[in-house]
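Trainee: Could we walk through how to read this model, one feature at a time?

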Amino acid sequence: MNIVILNGSPRPSGNTAAMVAAYREGAEQAGHHVTVFDVCRMRIAGCLACEYCHTKEQRVCVQKDDMHEIYPALDAADMLVLASPVYYHGLSGQLKCAVDRIYAPGYPRRLRKAALLLSSGSTGVYDGALYTYRQSFLGWLHLEDMGVFTAAGDENKSPELLERLRAAGAALTDPDDLNVPRLVIRAGDVAVRAPLNQTQAARDLMNRLPLTVSGINSGVDYCCELKEGSFDEAEKQQGWTDGDVSVADGWFALLHSGQDQSQDYRVMVVAHLDEEANETIRALPEQVTFELSLEEPYLAGVVTTQEDAQS
Ligand SMILES: Cc1cc2nc3c(=O)[nH]c(=O)nc-3n(C[C@H](O)[C@H](O)[C@H](O)COP(=O)(O)O)c2cc1C
């Protein structure tokens, strides 16, 4: 898989860099492709909170700095690793700037897994960084936790620590079906689920959930008005398969029937309902209000640090 590591330490031969190198070595030995960004050597400003990315140009940050080297790598990444020295009980300021700028793209397309590497002077100083990691990356971005690795004082650069990191990197496996975020479609007491694909439209929809939409059954679909979001015209397809869920051009549609006559239409498919779920949708009344939400693939917060494990 593609792994992006954001290294937030300014010291090229420091303790965090040693943790990153060991984790990278293990991951590369296991066949993964690893890209490390030393954010302290990059020109990355803090978020301006101008909302350009949510109002003017969808998901694009207005600030033209080195963060634009990281955005495409994040979009192609299956896993994100945050590595930081602990500064005043949190991530380094330089790394926090890069983290805040993820606000523009929101959910990176393929990202499914995360890990956290922290180096500090003392023990027991991780709560600030852990809170950010758990709430924003495991919870908000719905990523699977691949572990939190900490090193305090003399543990830094110790052979035991570096071997543990190499082993953790080497044990990483590609995301599987369990890592796929699912769209939950509720109509009254009925709920169906469909895995979301990796299109820009699906990612954009994830950013906008939960949503409520209403539509009437046309005989082939439930077509519901939905405020325009962002999608890539090139990712549209000709025709649909019964069970496809599409989002584009101001519509959310459950294409439950009519695949044989669908070839004249270009649709932006973001998910597909299996046959049983599609039957459930077909059996709904003529006019329906759908509650759309995102299913959390993992329970965030079940993180074990070395300290937790020792106590
Ligand atoms: C500005 C600053 C703030 C720090 N704050 C803490 C802290 O709150 N708790 C702690 O245990 N260590 C703290 N440290 C120590 C570093 O976290 C520690 O030396 C770490 O191993 C440095 O990693 P590096 O070699 O990658 O730079 C701080 C260091 C600096 C420079």
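Mentor: Start with the elements. Helices (H or I, at least four residues) and strands (E, at least two) are DSSP runs, numbered from the N terminus. Two ground rules follow. Residues are numbered from 1 along each chain as its sequence is written. This is a predicted model, where local features need pLDDT of at least 70, side-chain atom pairs count only at pLDDT 80 or more, and totals for chains, interfaces and linings use all residues.

Trainee: Which strand holds Val-192?

Mentor: Val-192 belongs to strand 7, residues 190-195.

Trainee: Does Val-192 count as buried or exposed?

Mentor: Count neighbours. A residue is buried if 20 or more other C-beta atoms lie within 10 Å of its own, exposed if 12 or fewer, and partly exposed in between; C-beta atoms are placed from the backbone. Val-192 has 22 C-beta neighbours inside 10 Å, so it counts as buried.

Trainee: Which residues does Val-192 touch, not counting residues up to four places away in sequence?

Mentor: Contact means that the C-beta atoms of two residues, placed from the backbone, lie within 7 Å. With residues up to four places away in sequence left out, Val-192 touches Ile-185, Leu-273, Ala-277, Thr-280 and Ile-281. Compare a separation along the chain: Pro-181 is 11 residues from Val-192, and their C-alpha atoms are 14 Å apart.

Trainee: Now the whole protein. How many helices and strands does the secondary structure come to?

Mentor: Nine helices and 15 strands. Buried residues make up 41% of the 311 residues. Take the contacts between residues at least 6 apart in sequence: 78% of them join residues at least 24 apart.

Trainee: What radius of gyration does the protein have, against that of a compact globule?

Mentor: The radius is taken over C-alpha atoms, and the globule rule is 2.2 Å times the number of residues to the power 0.38. For 311 residues the rule gives a value near 19 Å; the protein has 22 Å, which agrees. Along the principal axes, the C-alpha trace spans about 70 × 40 × 30 Å.

Trainee: Which residues of helix 6 are buried?

Mentor: Leu-161, Arg-164, Leu-165 and Gly-169 are buried in helix 6. They cover an arc of only 135° around the axis, which puts them on the same side of helix 6. The arc is that of the directions from the helix axis to the C-beta atoms. On the face turned away from the buried side sit the exposed residues Pro-159, Glu-160, Glu-163 and Ala-167. Helix 1 and strand 5 (144-152) are among what covers the buried residues.

Trainee: How should I check the span of helix 6?

Mentor: The expected span is 1.5 Å times one less than the number of residues. Helix 6 (residues 159-170) has 12 residues and should span 16 Å; its end C-alpha atoms are 16 Å apart, which agrees.

Trainee: Which residues is Glu-25 in contact with, its neighbours within four places in sequence aside?

Mentor: Arg-166 and Gly-169. Glu-25 itself lies in helix 1. With 16 other C-beta atoms within 10 Å, Glu-25 is partly exposed.

Trainee: What do the buried residues of helix 5 pack against?

Mentor: Strand 3 (79-85), strand 4 and strand 5. Those buried residues of helix 5 (residues 127-140) are Ala-129, Tyr-133, Phe-137 and Leu-138. After helix 5 comes His-142, with a positive phi near 60°.

Trainee: Last, the backbone. What is the phi of Ala-49?

Mentor: It is positive, about 55°, although Ala-49 is not a glycine. Ala-49 is in the loop between strand 2 (33-38) and helix 2 (52-55). It counts as exposed, with 8 C-beta neighbours inside 10 Å. Asp-249 has a positive phi near 55°. Its loop lies between strand 11 (244-248) and strand 12 (251-255).

Trainee: Which peptide bond is cis, with omega near 0°?

Mentor: The one from Leu-209 to Pro-210. Pro-210 is in the loop between helix 7 (200-208) and strand 8 (211-217).
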